[in-house]
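Visitor: I am new to this structure. Please take me through one part of it closely.

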Amino acid sequence: CVGDIMLDRFVAGQVDRISPEAPVPVLVIASETEMPGGVGNVARNLSGLGAGVTLVASVGDDDAGRALGAGIEALGNATARLLRDGSRPTALKTRYLAGNQQIMRADREVVGAFDPATGAAVVETARKALTDHDALVLSDYGKGVLGDGRAAELIAAARAAGKPVIVDPKGDDYSLYAGADLVTPNRKELAEATGAATDTVESATAAAANLRERHGFGAVLVTLSGDGMVLVSADGALHVPAEAREVFDVSGAGDTVVATIAAALAAGGVLEDAVRLANAAAGIVVGKVGTAAVYLAELIAALHHQEISRAEAKVMTMAEARDRMDVWRRQGLRAGFTNGCFDLLHPGHVSLLAQAKGACDRLVVGLNSDASVARLKGADRPVQGEAGRATVLASLASVDLVVVFADDTPLELIKALKPDVLVKGADYAKHDVVGAAEVESWGGRVFLAELAPGHSTTATIERLKGNGK
């Protein structure tokens, strides 16, 4: 992935009054989050879909640039090749949200002539990386990285290497991307590029066909919001209706479309199938708040919702759970967390989970992996595998999410999710609860639940062996 990167910052809270100083709302801040935007969000989506990705972009020599590098590397299957340019700051977009509504956006950026030396380094870095990758994504936000012929250089290099090129374009001069395999303008961008009407599916299809012929594109995919998508290629036109059931925020939906198509094509998929996958992915991501990413499990669940149980859909990776919790916070909901092995679920477990849910609005359960349970409980444990234990937990009405973790303690998971409430049994003192200090440091609280007497998984196993009374 090559293109313009920016740091997306979200400041969320509630508005209950108008300022006495001026006719503006007063936002009482509840949370602040940061994530990679622009081409960085394409990388996030590719990572979420399970694809390995190398991101090449330019950042300033500042804290925002360093945060972007750390954010990309934290994805696990992504590599950041961020070239530092001390002459311009890293682009920063701060969005202020009241509940689910964005009330203002403040941008800090420099747009204009790009340093030629940095630009040349971007092209050379990307050219070297091409040999180890199966597709090239160019994400143009008009900030300069792909200007001055650099997009054309990269397209030529990819074509020479036999790699498909997917372009998320900007501006009205699409000759910059001539020869690309696919360009993905939205309705407004298509109208600006062609000067033609795009208000209906039919007119957008005609405009896309004109654009394709004019610049020698392999195909043009037009995203039409509520009207879905239209793909125009040498084989004709394909209209795919929108799948979104409820739209909260369209921020970054184009990045999701580009990433999904790139992943599908890199894996050897057919373009028409890639578009249908991208349409389903876009329907998921616009149901989230903020610059969001789609995850493979979500896409599979959307495509096979009739075959996948509701319980299985609650079992998520740490990254998926973190995104879901961010949405909950922006909705003003308190997220709780508890953890355990939960091997052979018994009434004591059920009581603990019910109390935990009573202390918050949404409850996440951290579940020790099989290897972790064996280290803690002995080589003959667990009795049930982690997949079975996770499904049983997720079947409970009191549990909203389940995340399996491999460490002996959930500390790293707690630090990543940042719950508002941490729940543990009353057999612990608060100072002995793992993660208690961290949760209280960001304004959360620790809740010690009463234990239902007479219930123990270990005792149950001993009775099954005949060793108990």
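Guide: Start with a strand pair. Strand β14 (residues 335–340) and strand β17 (residues 421–425) pair in the parallel sense, over two bridges. Strands pair here if DSSP finds at least two bridges between them. Strands are DSSP runs of E, at least two residues long; helices are runs of H or I, at least four residues; both are numbered from the N terminus. In this pair, F337 stands opposite L422 in β17.

A word on the source. This is a predicted model, in which local features need pLDDT of at least 70 and side-chain atom pairs count only at pLDDT 80 or more, while totals for chains, interfaces and linings use all residues. Residues are numbered from 1 along each chain as its sequence is written, and side-chain values use heavy atoms, with hydrogens and water left out.

Now widen the view. β14 and β17 belong to an open sheet of five strands, in the order β16-β15-β14-β17-β18, with parallel pairing. The edges are β16 (401–405) and β18 (445–449); each has a single partner strand, so one side of each is left without a neighbour in the sheet. On average, neighbouring strands are turned by 25° against each other, direction ignored.

Next, the helices. Helix α11 (residues 318–330) lies across β14, β15 (362–368) and β16. α11 runs at about 145° to β16. Helix α14 (residues 386–394) lies across β15 and β16, at about 160° to β15. Contact means heavy atoms within 4.5 Å. Axes are lines fitted to C-alpha atoms, for helices over the stretch in contact, and angles run from 0 to 180 degrees between N-to-C directions.
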